[in-house]
Amino acid sequence: MRFRLSMRQVAFAVALGAAATVGGALVFEHVFGYVPCKLCLIQRNPYYIAIPLGIVAAFLPPRWTRVSLWLLALVFLVSAGLGAYHSGVEWGFFAGPSDCGGGSGAGAGNVGDFLNQLQTTRVVSCTEAAWRFLGLSLAGWNVLISLGLAAFAAMGAAGKGFGK
């Protein structure tokens, strides 16, 4: 017996997968202290688009749900491309942006606070992977997750395997 998901269920599952992925990135940042670089932050944007799009798509009429799933597949293909570029920068295949550094911290109240903040601020390079698991950095894992979400959304839109 084959497990069948409706297009609405697929759209909601994609939104949940996107939320879990960006949630994991936020845990790495705020719980484990891994400061994201500029490219890391850019890679989150497709997820920030996909979460509300997937939720809205789950409540649209079937025709628009299908269109939204194709759009989600495209969003995640772009996300995979961003992750592949960042992975290539980390491995030295591509030149990274010249202004690559970490996210901005809290604004300094006065010059003394600013100088103290400069002493504790760590600039994060896009060329160095802060963490690797099974040989892949977070950018590399983003490629795999994005491709999986793109395939899941496309299969749901096409009605292949599990879509109604």
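Predicted model: local features only at pLDDT ≥ 70, side-chain atom pairs only at ≥ 80, totals over all residues.

**Getting my bearings**

Starting at the N terminus, I read the order of elements as α-α-α-α-β-β-α. That gives five helices and two strands in the chain.

I checked the whole chain next. It has 164 residues, and 34% of them are buried.

**The core**

Which residues touch the most other members of the largest nonpolar core? I found Leu69, Leu72 and Phe76, out of 23 residues in that core. Helices α1 (7–30), α2 (38–57), α3 and α5 (138–158) each put in at least two residues. The largest share is from α1, with six residues.

Leaving out residues up to four places away in sequence, Leu72 touches Val14, Ala50, Leu53, Gly54 and Ala153. Val14 lies within the range of α1, Ala50 within that of α2 and Ala153 within that of α5.

**A serine in helix α3**

I moved on to Ser79, which sits in helix α3 (residues 62–90). Is Ser79 buried or exposed? Its relative accessible area is 0%, so Ser79 is buried, the cut-off for that being under 20%.

What does the side chain of Ser79 make a polar contact with? I traced it to the side chain of Ser146, at 2.7 Å. Ser146 also turns up in the list of residues that Ser79 touches, along with Gln43, Pro46, Tyr47 and Asn142; that list skips residues up to four places away in sequence.

The partners are Arg44 and Glu29, whose side chains meet at 2.9 Å, N to O. Arg44 belongs to helix α2 and Glu29 to helix α1, and the two are 15 residues apart, so I noted the pair as a link between distant parts of the chain.

I then compared how covered the two partners are. Arg44 has 9% relative accessibility, which is under 20%, so Arg44 counts as buried. Glu29 comes out at 21%, and that makes Glu29 partly exposed.

Phe12, Leu16, Ile55 and Phe59 make a nonpolar surface patch of about 420 Å². Of these, I looked up Leu16, and its place is in helix α1.

**The end of helix α5**

My last stop was Ala158, in helix α5. With a relative accessible area of 37%, Ala158 is partly exposed, because that value falls between the 20% and 50% cut-offs.

Which residues does Ala158 touch, not counting those up to four places away in sequence? I wrote down Arg66 and Trp70. Arg66 is 92 residues from Ala158 along the chain, yet their C-alpha atoms are separated by 7.8 Å.

Notes
Residues numbered from 1 in each chain as written. Heavy atoms only, no water. Helix = DSSP H or I, 4+ residues; strand = E, 2+ residues; numbered from the N terminus. Buried < 20%, exposed > 50% of the residue type's maximum accessible area, 1.4 Å probe, protein only. Polar contact = N/O pair within 3.5 Å; in protein donor to acceptor, adjacent residues only side chain to side chain. Contact = heavy atoms within 4.5 Å. Core = buried A, V, L, I, M, F, W, Y, C linked by side-chain atoms within 4.5 Å. Patch = residues over 30% accessible without salt bridge, like charges linked within 9 Å, V, L, I, M, F, W, Y side chains within 5 Å. Areas by Shrake-Rupley, 256 points an atom, 1.4 Å probe, with all protein chains shown as cover. Salt bridge = Lys/Arg side-chain N within 4 Å of Asp/Glu carboxyl O.
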